[in-house]
Amino acid sequence: MAVVTDPQPPTPTEPAPDGGRRRIVAMTVWAVLFVAGWLVIGLPTDPAYAFLWIWAGTVAWNSSRPWRSHLRFARDWIPVVLLLAAYNLSRGFADNGATPHALELIVADRFLAGWATGGEVPTVWLQQHLYRPEVHWWDMLASWVYFSHFVVSLAAAGVLWLRNRSRWAAFMRRWGFLCAAGLVTYFLYPAAPPWWAAQNGLLTEVARISTRGWQAFGMHGAGNVLNAGQIASNPVAAMPSLHTAFALFVVLFFLPATRRRWWPLLLAYPLAMTFTLIYSGEHYLIDVLVGWAYVGMTF
């Protein structure tokens, strides 16, 4: 962690005299390769895979710089990637074979939103009104929003590293604390999502549909990495929802430096993530609210 927190003079970001044209060419090549990798391998949802793409993006953005400056990125980020890999691995053991909590989450959601859903859990109510065999535009939007969880935080951190390393370090310290707080909760309180509760007869039918939007683009294999990650991940690590917590965390970190007229647009992102997670059967409303509380505790 000393690598993450030790202060260091910021790296100048002014391009060389021909840096503008070179940067455009390099970023174009990076974008083409990214799309090709997405179609062939899948979306970069693994921390190490996402790290390589972000590193390549910083190299393309500052392609006129010597390689020694690009190696600083690896030096700063490898501890972060290792921590994220350990986090992903450890959450798979969080349930420790125990029966996950489910009934109290269902009761909590009916208490919180039953007045608007006729006493039904929000996930069930949303799928009854919106889920159809054919894919609609909101399914496509939900799939993009769900995928953004895996890249937005890392991409924001990458931009911070390029522009202001001290702010990047502050971002990483808080983000690391948020991940650790969520992981501890997963061990202390393993909780199952709505789709798990439905599979085990605790709810009426709930479909897990967070990635079905890719079908509308004819990209059935584009979400292979994401789908494989869902299968391998711990199914009882739902409380709190770090998906929505990450979304709110990124927005709140940048909010003070953003003009107020853009605040509604920024705040729409965690709300869109909340809708996506509840509609797709990944989280309860109570998971989201606890995730937001963890963000407040983090700051």
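Modeller: Buried means under 20% relative accessible area, exposed over 50%, and partly exposed in between, with a 1.4 Å probe and protein chains only. Keep in mind that this is a predicted model: local features need pLDDT of at least 70, side-chain atom pairs count only at pLDDT 80 or more, and totals for chains, interfaces and linings use all residues. Residues are numbered from 1 along each chain as its sequence is written, and side-chain values use heavy atoms, with hydrogens and water left out.

Biologist: Where is F246 found, and with which residues is it in contact?

Modeller: F246 is found in helix α12. Helices here are DSSP runs (H or I, at least four residues), strands are runs of E of at least two, and both are numbered from the N terminus. Contact means heavy atoms within 4.5 Å. Leaving aside neighbours within four places in sequence, F246 is in contact with H149, S153, W175, L178 and C179. F246 and V295 are 49 residues apart in sequence, yet 8.1 Å apart in space, C-alpha to C-alpha.

Biologist: Is S153 buried or exposed?

Modeller: S153 counts as buried because its relative accessible area is 3%. This serine is found in helix α8. Beyond four places in sequence, S153 is in contact with F171, W175, F246 and V250.

Biologist: How do I read a nonpolar core, and how many residues has the largest one?

Modeller: A nonpolar core is a set of buried Ala, Val, Leu, Ile, Met, Phe, Trp, Tyr and Cys residues joined through side-chain atoms within 4.5 Å. The largest has 34 residues, and W77, W168, F171, M172, W175 and L178 have the most contacts inside it. Two or more residues each come from α3, α4 (67–91), α8, α9 (165–188), α12 (242–254) and α14 (285–298). The largest share, 10 residues, comes from α9. Another core lies apart from it, with 16 residues, among them L105, W195, V206 and M239.

Biologist: And what is F171 in contact with?

Modeller: Leaving aside neighbours within four places in sequence, F171 is in contact with S153, A156, A157, L160, F249, V250, F253 and F254.

Biologist: Now the whole chain. How many helices and strands does it have?

Modeller: The protein chain has 14 helices and 0 strands. Buried residues make up 48% of its 299 residues. Among contacts with a separation of 6 or more, 81% are between residues 24 or more positions apart.

Biologist: Which residues does UniProt list for "transmembrane region"?

Modeller: The unreviewed UniProt entry lists 76–94, 141–162, 174–192, 236–255 and 262–280. Those positions are given in the numbering used here, feature names are shortened, and annotations may be inferred rather than shown by experiment. In the model, residues 141–162 are 86% helix and 0% strand, with the end C-alpha atoms 30 Å apart. Residues 174–192 are 79% helix and 0% strand, and there the end C-alpha atoms are 26 Å apart.

Biologist: What should I look for in the backbone?

Modeller: Most peptide bonds are trans. Here, a cis peptide bond joins M239 and P240, with omega about 0°. P240 sits in the loop between α11 (224–232) and α12. T185, in helix α9, touches P190, M239, P240 and Y294, not counting residues up to four places away in sequence. T185 is buried, because its relative accessible area is 12%.

Biologist: What about T258, and where is it found?

Modeller: T258 is found in the loop between α12 and α13. It counts as partly exposed because its relative accessible area is 22%. T258 touches W263 and L266, not counting residues up to four places away in sequence.

Biologist: Last one: which residues of helix α6 are buried?

Modeller: In α6 (residues 122–130), the buried residues are P122, T123, V124, L126 and Q127. What covers them includes α5 (103–117), α10 (194–199) and α13 (263–279).
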